[in-house]
Amino acid sequence: MVTAATSAMAERLKEDGNSCFKKERFGAAIDAYTEAIALSPKVPAYWTNRALCHMKRKDWTRVEEDCRKAIQLVHNSFKAHYMLGLALLQREQYTAGVKELQRALDLGRGADPTGYMVEEIWEELAKAKYMEWELVSAKRSWELNSLKETCEAALNQQRALDMSQTEEYSDEGYSSHTERLKALDLVFEKAAEEDKPTEVPDYLCCNITLEIFRDPVVSPSGVTYERAAILEHLNKVGKFDPLTREKIDPSKLVPNLAIKEAVAAYLEKHAWAYKMGC
Amino acid sequence: MTSSGAPSRKALSKIASNRLQKELVEWQMNPPTGFKLNLTDNLQRWVIEVIGAPGTLYANDTYQLQVDFPEHYPMESPQVIFLPPAPLHPHIYSNGHICLDILYDSWSPAMTVSSICISILSMLSSSTEKQGPIDNDRYVKNCKNGRSPKQTRWWFHDDKV
């Protein structure tokens with residue numbers, strides 16, 4: 001039974017932990033959170049705060065343990081999913097790590113600006129996704145190449161066989177052979193296209209950041225912007241729509257779920273677009 | 001001439017440098033007609049050659065624009081000036097400063113270097129006389145020590161030219 005008195009004491013221990021954390025005394029902070037947890041084990045923040053200390057010390061196993069505990073208590077803590085994702089990536093569990101980061105990103109979207117971490121989460125996610133794509137696409141391209149070589153060899157063999165069966169040299173035979181080789185080239189070129197980085201279509205990019213959307217919101221004039229960028233604009237430049245110059249009240253921005261889904265579908269097919277800053 | 005003086009130079013923020021990288025790639029794929037970017041390894045200062053549009057007073061003239069980006073571009077406008085000799089134009093001072101609202105009060109982060117260039121070229125093209133601003137001497141005298149045009153309190157009196 002957690003009484004009011006013990007939970008008040010746990011709260012004080014958490015405050016102690018927080019002030020140790022600020023002074024970068026992570027060991028002492030961990031001790032304080034551990035005591036708080038012993039008194040009142042059902043408060044997710046104690047677990048996520050302790051996980052953050054473990055993260056500072058790069059103790060990824062403990063980060064994972066604490067985050068999993070926090071998620072058991074409250075499934076929608078974006079901090080817990082974020083740190084768990086990072087811990088899993090550190091331990092080279094890519095698929096599981098990416099899944100956690102994606103969950104964190106979904107939870108972090110539209111959150112209040114003080115705890116808004118979309119860009120940080122996105123960066124980690126993008127790094128992991130891009131690395132995954134590099135591995136997969138290198139393998140794919142190697143497989144395609146070896147298959148192409150095999151096909152070419154087979155065509156050349158066929159041609160040699162044909163030539164040995166006919167006495168005379170025929171132009172026709174020669175040209176149909178080169179045609180086939182050319183057609184083969186085309187087929188493989190097409191197959192490699194998907195892994196060739198090109199440009200992300202403009203309609204999936206913000207007019208301010210020029211990057212693919214992470215958390216798209218639509219303005220009253222119907223223009224879609226990256227949430228963080230349009231909020232910064234409204235704060236620093238002025239309360240108007242950057243494109244149409246119509247007045248905007250910041251509370252009138254709403255998430256653009258359709259574009260969000262379009263971005264997800266695009267990235268699913270073109271994972272190279274996760275590459276940052278180019 | 002002091003117009004090429006550097007504005008306060010704080011390194012570009014990460015957002016700014018990401019955005020400029022994108023603009024650079026876009027420029028290289030689709031350069032605006034009448035402009036040529038002289039690439040240096042300095043992402044924070046672009047020097048752009050402007051060629052007067054055919055059929056206008058400035059046909060075949062070439063000028064140079066210098067664009068300097070602040071730390072928080074695109075939330076702040078870039079500083080855009082003509083390097084000497086600046087074109088003779090009712091809204092362009094002999095020190096290279098340009099009286100154009102989008103560079104100052106009417107800046108919006110949805111504008112790009114490319115869209116600024118097009119606005120400047122259209123301002124040149126619509127001019128009916130090759131003549132400096134009436135208050136040129138007074139203004140230039142007040143701008144000693146390489147003051148940035150972004151520090152001027154501009155009056156945008158007409159949008160005809």
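Biologist: How far apart do the end C-alpha atoms of residues 199–273 of chain A lie, and how much of the span is helix and strand?
Modeller: In this predicted model, those end C-alpha atoms sit 8 Å apart, and the span is 31% helix and 11% strand.

Biologist: What makes residues 199–273 of chain A a span to pick out?
Modeller: An unreviewed UniProt entry annotates them as "domain: U-box". That label comes from the record, and such annotations may be inferred rather than shown by experiment.

Biologist: Now the two chains. Why is the pair B:Lys14 and A:Glu123 called a salt bridge?
Modeller: The cut-off is a Lys or Arg side-chain nitrogen within 4 Å of a carboxyl oxygen of Asp or Glu. Here the N to O distance is 2.5 Å, so the pair of B:Lys14 and A:Glu123 qualifies. The count between chain A and chain B is one salt bridge.

Biologist: Which helix gives the largest share of the side of chain A that touches chain B?
Modeller: Helix H9 of chain A, residues 227–236, with four residues. That side of chain A divides into eight nonpolar, four polar and six charged residues.

Biologist: How many residues are in contact, and what area is buried between the chains?
Modeller: 18 residues of chain A are in contact with 18 of chain B. About 1600 Å² is buried, with carbon and sulfur atoms giving 58%.

Biologist: Where is A:Val43 found, and why is A:Val43 called partly exposed?
Modeller: A:Val43 is in the loop between helix H2 (26–39) and helix H3 (44–56) of chain A. Buried means under 20% and exposed over 50%; A:Val43 has 27% relative accessibility, so it counts as partly exposed.

Key:
Residues numbered from 1 in each chain as written. Chains lettered and ligands numbered in written order. Predicted model: local features only at pLDDT ≥ 70, side-chain atom pairs only at ≥ 80, totals over all residues. Heavy atoms only, no water. Contact = heavy atoms within 4.5 Å. Buried area = accessible area lost by both parts, 1.4 Å probe. Helix = DSSP H or I, 4+ residues; strand = E, 2+ residues; numbered from the N terminus. Nonpolar A, V, L, I, M, F, W, Y, C, P; charged D, E, K, R; others polar. Buried < 20%, exposed > 50% of the residue type's maximum accessible area, 1.4 Å probe, protein only.
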